[in-house]
Amino acid sequence: MSLRFPESMDECVYFTRRAIGNGKAVAWVFREECPECKKALMSKPKDEKTGKPKIRASEYVCPECNYTVEKKEYEDTLTCSIQYTCPECMNSGEVQVPFMRKSYKGAKAVIFNCEKCDAKIAVTKKMKALKK
Ligand SMILES: [Zn+2]
Ligand SMILES: [Zn+2]
């Protein structure tokens, strides 16, 4: 598998780099197109005064047809791409997992297993919201 790396932060809902023990992970989630009209990528609503996206908005809106979906509902349908170096076996790999929040040691995390040694690896979901 060869994952596509985002060319610009504008393509992503989330992007994070984390150190995990002796390993590391880079995780990102691409924005996806509107499920209704499929003409545009879903994005945060824009502030009418400044024209800038409202980062803290609790919903996503299609700029073409105005289809609106609640943030969590939308994000749960997305796919998280991860490039990692396993902290257990130092294998470098790439995986794609559903962008779902699971509880892990008291934090929300995207959890996946190393393809080589099956170690459970958690990318804690304290991913930074992207700034413009
Ligand atoms: Zn649409
Ligand atoms: Zn491993």
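Val69 is partly exposed, because 17 other C-beta atoms lie within 10 Å (a residue is buried with 20 or more other C-beta atoms within 10 Å of its own, exposed with 12 or fewer, and partly exposed in between, with C-beta atoms placed from the backbone). Please keep in mind that this is a predicted model, in which local features need pLDDT of at least 70, side-chain atom pairs count only at pLDDT 80 or more, and totals for chains, interfaces and linings use all residues. Residues are numbered from 1 along each chain as its sequence is written, while chains are lettered from A and ligands numbered from 1 in the order in which they are written.

**Around Val69**
- Val69 sits in strand β4, residues 68-70 (helices, H or I with at least four residues, and strands, E with at least two, are DSSP runs numbered from the N terminus).
- Leaving aside residues up to four places away in sequence, Val69 touches Glu59, Tyr60 and Tyr74 (two residues are in contact if their C-beta atoms, placed from the backbone, lie within 7 Å).
- From Val69 to Gly51 the separation is 18 residues in sequence and 20 Å in space, C-alpha to C-alpha.

**The chain as a whole**
- The protein chain has one helix and nine strands, arranged along the sequence as β-β-β-β-α-β-β-β-β-β.
- Its C-alpha atoms fill a box of roughly 50 × 30 × 25 Å along the principal axes.
- Of the 132 residues in the protein chain, 20% are buried.
- Counting contacts between residues at least 6 apart in sequence, 44% join residues at least 24 apart.

**The sheet β7-β8-β9**
- Three strands make an open sheet in the order β7-β8-β9, with antiparallel pairing (two strands pair if DSSP finds at least two bridges between them).
- Each of β7 (102-104) and β9 (120-124) has a single partner strand, so these edge strands are left with one side lacking a neighbour in the sheet.
- On average, neighbouring strands of this sheet are turned by 60° against each other, direction ignored (axes are lines fitted to C-alpha atoms, for helices over the stretch in contact, and angles run from 0 to 180 degrees between N-to-C directions).

**Pairings and turns**
- β7 pairs with β8 (residues 107-113) in the antiparallel sense over three bridges; Lys102 stands opposite Ala109 in β8, and Ser103 has Lys108 of β8 as its bridge partner.
- The hairpin of β7 and β8 has two residues between the strands, and Lys105 there takes a positive phi near 45°.
- β8 and β9 pair in the antiparallel sense over five bridges, and the bridge partner of Phe112 in β9 is Ile121.
- Six residues lie between β8 and β9 in their hairpin, where Asp118 in the turn has a positive phi of about 70°.

**Two domains**
- The domain assignment gives domain 1 (1-31 + 78-132) and domain 2 (33-75) (bounds come from an automatic or database domain assignment).
- The centres of domain 1 and domain 2, taken over C-alpha atoms, are separated by 24 Å.
- Six residues of domain 1 are in contact with seven residues of domain 2.
- On the side of domain 1 that touches domain 2, the residues divide into four nonpolar, no polar and two charged (Ala, Val, Leu, Ile, Met, Phe, Trp, Tyr, Cys and Pro count as nonpolar, Asp, Glu, Lys and Arg as charged, and the others, Gly among them, as polar).
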